[in-house]
Amino acid sequence: MNIVELTHVEKAYGKDQGRVVALHKLSLHVQPGEFACVWGASGSGKSTLLNLVGLLDRADLGTVRIDGTDYATLGETAAAQFRNATIGFVFQGFNLVPVLSALENVMLPLQIAGVPAAEGKARALRMLADVGLEQQARKLPDEMSGGQRQRVAIARALVNDPKLVLADEPTANLDSVTSESVIGLMRRLNEEKGVTFVFSTHDARLLGYASRRLELSDGRIVTDTRNASERAA
Ligand SMILES: Nc1ncnc2c1ncn2[C@@H]1O[C@H](COP(=O)(O)OP(=O)(O)OP(=O)(O)O)[C@@H](O)[C@H]1O
């Protein structure tokens with residue numbers, strides 16, 4: 001079964017003369033375990049696409065099915081619960097809570113899911129160790145580098161064992177060396193944990209890390225290439 005199944009999805013913003021069609025009857029299937037990169041110029045529709053896949057916005061037309069569930073069948077409360085249980089998010093601005101330590105930030109999704117505090121702390125510490133930050137657990141976000149903050153955000157996105165992680169331009173605020181190490185970390189977690197990743201970038205240097213490259217142009221997927229090893233699998 002596909003983890004992501006978009007069929008003839010259309011999304012527009014604005015009205016009348018100001019109407020902009022951001023996605024044109026776009027279809028996309030992503031299988032479990034893929035490490036897919038959506039790339040393309042500014043305004044090509046990357047954020048719109050990730051917002052639809054993340055159930056953060058609804059399509060005007062077409063169907064969005066995530067892990068077998070059709071978004072159209074979920075009300076807002078059910079959608080929020082489904083999203084919390086199934087999808088982890090990484091944002092370009094890191095979106096950490098500034099007054100909470102790295103550890104407390106990573107514990108947050110577990111608290112929301114009702115995991116007891118002691119178990120949540122142990123799981124968050126293991127996840128921080130997984131991203132190489134066990135020594136930074138007590139630090140506040142502004143005591144860490146951009147790359148370290150994004151590692152905390154990745155730990156937070158993965159701590160609840162989501163099936164799917166979405167990252168919209170996760171390296172936009174990082175230098176090129178740090179960007180490669182952050183994407184390399186995501187790729188390692190994808191391989192070790194089998195979590196499906198879909199991330200967006202406009203940085204062509206990061207394409208080599210992806211198992212699949214989806215090029216967007218004016219709201220359409222214009223190329224879709226998989227690595228040879230993935231095709232054989
Ligand atoms: N809230 C909005 N209101 C009006 N138009 C929007 C809105 N959000 C996006 N658009 C338009 O939809 C199109 C796709 O935008 P989107 O943000 O998805 O592209 P993107 O590839 O993510 O761009 P970037 O790389 O600059 O973030 C663009 O033409 C954009 O101007």
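## Helices H5 and H6

In this predicted model, the axes of helix H5 (residues 146–158) and helix H6 (residues 176–193) come within 10 Å and cross at roughly 20 degrees. Because angles under 35 degrees count as roughly parallel, H5 is roughly parallel to H6. The crossing of these two helices, H5 and H6, is right-handed.

On the H5 side, the residues that meet H6 are Gly146, Gly147, Gln150, Arg151, Ile154 and Leu158. Their counterparts in H6 are Thr178, Ser181, Val182, Leu185, Met186 and Leu189. Sorted by class, the contact of H5 with H6 has six nonpolar residues, five polar ones and one charged one. H5 also lies across two strands, E6 and E7, and runs at about 165 degrees to E6.

Strands of a sheet pair through backbone hydrogen bonds, in either a parallel or an antiparallel sense. An open sheet of six strands is arranged in the order E6-E7-E8-E3-E9-E10, and its pairing is mixed. Its edge strands are E6 (87–91) and E10 (220–226), each of which pairs on one side only. From one strand to the next, the twist averages 15 degrees.

Strand E7 (residues 164–168) pairs with strand E8 (residues 196–201) in the parallel sense over five bridges, and Leu164 stands opposite Thr196 in E8. Strand E3 (residues 35–39) and strand E9 (residues 212–217) also run parallel and are joined by four bridges. Here the bridge partner of Val38 is Leu214 in E9.

By contrast, E9 and E10 run antiparallel, and six bridges join them. Within this pair, Arg213 stands opposite Thr225 in E10. The hairpin of E9 and E10 has two residues between the strands, and Asp218 takes a positive phi near 45 degrees in it.

## The four-stranded sheet

A further open sheet consists of four strands in the order E2-E1-E4-E5, with antiparallel pairing. E2 and E5 (69–70) are the edge strands of this sheet, each pairing on one side only. Strand E1 (residues 4–13) pairs with E2 in the antiparallel sense over seven bridges. Glu5 stands opposite His29 in E2. Six residues lie between the strands in the hairpin of E1 and E2, where Gly14 takes a positive phi near 75 degrees.

Strand E4 (residues 61–66) and E5 likewise pair in the antiparallel sense, over two bridges. In this pair, Arg65 stands opposite Asp70 in E5. Helix H1 lies across E1, E2 and E4, running at about 125 degrees to E1.

## Surroundings of the ligand

Which residues come nearest to the ligand? Of the 13 residues around the ligand, these are Tyr13, Ser42, Lys46, Ser47 and Thr48. Two elements give two or more residues to the shell, namely strand E2 (20–30) and helix H1 (46–53). H1 gives the most to the shell around the ligand, with three residues.

By class, the shell around the ligand has three nonpolar, nine polar and one charged residues. Both E2 and H1 have a place in the description of the four-stranded sheet as well: E2 is one of its edge strands, and H1 lies across E1, E2 and E4.

## Helices H3 and H4

Two packed helices are described by the angle between their axes and the distance between the axes. Helix H3 (residues 102–112) and helix H4 (residues 117–130) pack at an angle of about 125 degrees, and their axes are 9 Å apart. H3 and H4 are therefore oblique to each other. Their crossing, that of H3 and H4, is right-handed.

The contact is made on the H3 side by Ala102, Leu103, Val106, Met107, Leu110 and Gln111. H4 contributes Gly120, Lys121, Arg123, Ala124, Leu125, Met127 and Leu128 to the contact. By class, the contact of H3 with H4 has nine nonpolar, two polar and two charged residues.

Notes:
Residues numbered from 1 in each chain as written. Predicted model: local features only at pLDDT ≥ 70, side-chain atom pairs only at ≥ 80, totals over all residues. Near = placed C-beta within 6 Å. Nonpolar A, V, L, I, M, F, W, Y, C, P; charged D, E, K, R; others polar. Pairing = 2+ DSSP bridges. Axes fitted to C-alpha atoms, helices over the stretch in contact; angles between N-to-C directions. Contact = placed C-beta atoms within 7 Å. Parallel < 35°, antiparallel > 145°, perpendicular 65-115°, else oblique. Left-handed = near helix turned anticlockwise from the far one by under 90°.
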